[in-house]
Each structure stands twice: as C-alpha cells, then as structure tokens.
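Let's walk through this model together, one question at a time. Have the sequence and the 3D view open as we go.

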Amino acid sequence: MTFKTSIIRRAQFNAAHRLHNDQWSIEKNNDIFGKCNNPNFHGHNYILEVKVIGEINPDTGYVVDAKILKQIINKEVIDQFDHKNLNLDTSDFRHLIPTAENIARVIYDKIRINLSIDLELKIKLYETENNSVEYPA
Ligand code: NI
C-alpha cells in the first residue's frame, strides 16, 4: 500500500487582537481573558503552518504546487490579516472572538475553498512560541 504525503508551507503575519465577550461583564471578561482583554488591544507574531495531505500526482510529482499554495496563503491570509487589527479591520472577527482557535478555523475555511476536494487540509497556528492550535485536531 502507499501512504499519502503531506506538504507543509509556513507563513507569518503580525496582528493585533482583543479577547472580549460582549455578553459578559467587565469583571467576567477580565477574569476569563486577563491581559488579552486589554481594551487597547495587543499584538502577536503569528506563525502559520498549512499542511496539505494527498496523493502525489504522477504527472507533476507534487501533492500540490508549493508556489500555488503560497499564492493561496498570501491572498487568503497574509493580505487580509497582516498588520491588521483582527477585531476592527476584518469582517471575520466582528462577531467571533479572535482566539488562536477561532483564527485557525477561519484560516482553514479560507484556504479550503481554494483546494481540490481530494486534498486534506490541516492548519497549525502558533500564537506564541509555546502556544499553538491545530484545526482540525
Ligand atoms: Ni493575545
């Protein structure tokens, strides 16, 4: 049998955010989100790993062309999020708390629509050196 192969493309973007739930009191937001609830926002240097899993195309030898994957990531993620305030500058997080978990899900959806149906996609997003999320888990 043959196994599938994955290709991983790494990218970085800098963005500001604030974790805040409108339905909660100031105290509860502060209890749950702590410094991440700072009303004046704060930033992270996000590192994104986009993993595409599939069969190797016998004609090209690729699972997916890395330069096409790079273009998709630039268009769907970097151009939209880099040097932006995620809460204020993007429509994606107007009603969605921009935690790393939710950012990874949004990125998944944006990239997924650009990929062939027979390819699997996994998103890994590092918010700090020590904290990362994966979607789907
Ligand atoms: Ni934060």
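Q: Which residues coordinate the nickel ion?
A: Keep in mind that this is a predicted model. Along the chain, the donors of the nickel ion follow the spacing H-x24-H-x1-H. Their NE2 atoms sit at 2.0 to 2.1 Å, and the residues are His 17, His 42 and His 44.

Q: How many residues apart are His 17 and His 44?
A: Both of these histidines are buried. His 17 belongs to strand S1 (residues 5–17) and His 44 to strand S2 (residues 42–54), so the pair links distant parts of the chain. Their separation is 27 residues.

Q: Why does the end-to-end distance of helix H2 agree with its length in residues?
A: Helix H2 (residues 66–81) has 16 residues, and at 1.5 Å a residue it should span 22 Å.

Q: Where does H2 bend?
A: H2 does have a bend, of about 40°. The residue at which H2 bends is Asn 74.

Q: Which elements do the buried residues of H2 pack against?
A: The buried residues of H2 include Leu 69, Ile 72, Glu 76 and Phe 81. The buried residues of H2 pack against S1, S2, strand S3 (84–85), helix H3 (86–89) and helix H4 (100–112).

Q: Which residue caps the N-terminal end of H2?
A: Look for a side-chain oxygen that lies 3.0 Å from the backbone nitrogen of Lys 67. The residue capping this end of H2 is Asp 65.

How values were computed
Residues numbered from 1 in each chain as written. Predicted model: local features only at pLDDT ≥ 70, side-chain atom pairs only at ≥ 80, totals over all residues. Heavy atoms only, no water. Donors = N, O, S within 2.8 Å, 3.2 Å for Na, K, Ca; no water. Helix = DSSP H or I, 4+ residues; strand = E, 2+ residues; numbered from the N terminus. Buried < 20%, exposed > 50% of the residue type's maximum accessible area, 1.4 Å probe, protein only. Expected span 1.5 Å × (residues − 1). Bend = angle between axes of the 7 residues up to and from the residue. Contact = heavy atoms within 4.5 Å. Polar contact = N/O pair within 3.5 Å; in protein donor to acceptor, adjacent residues only side chain to side chain.
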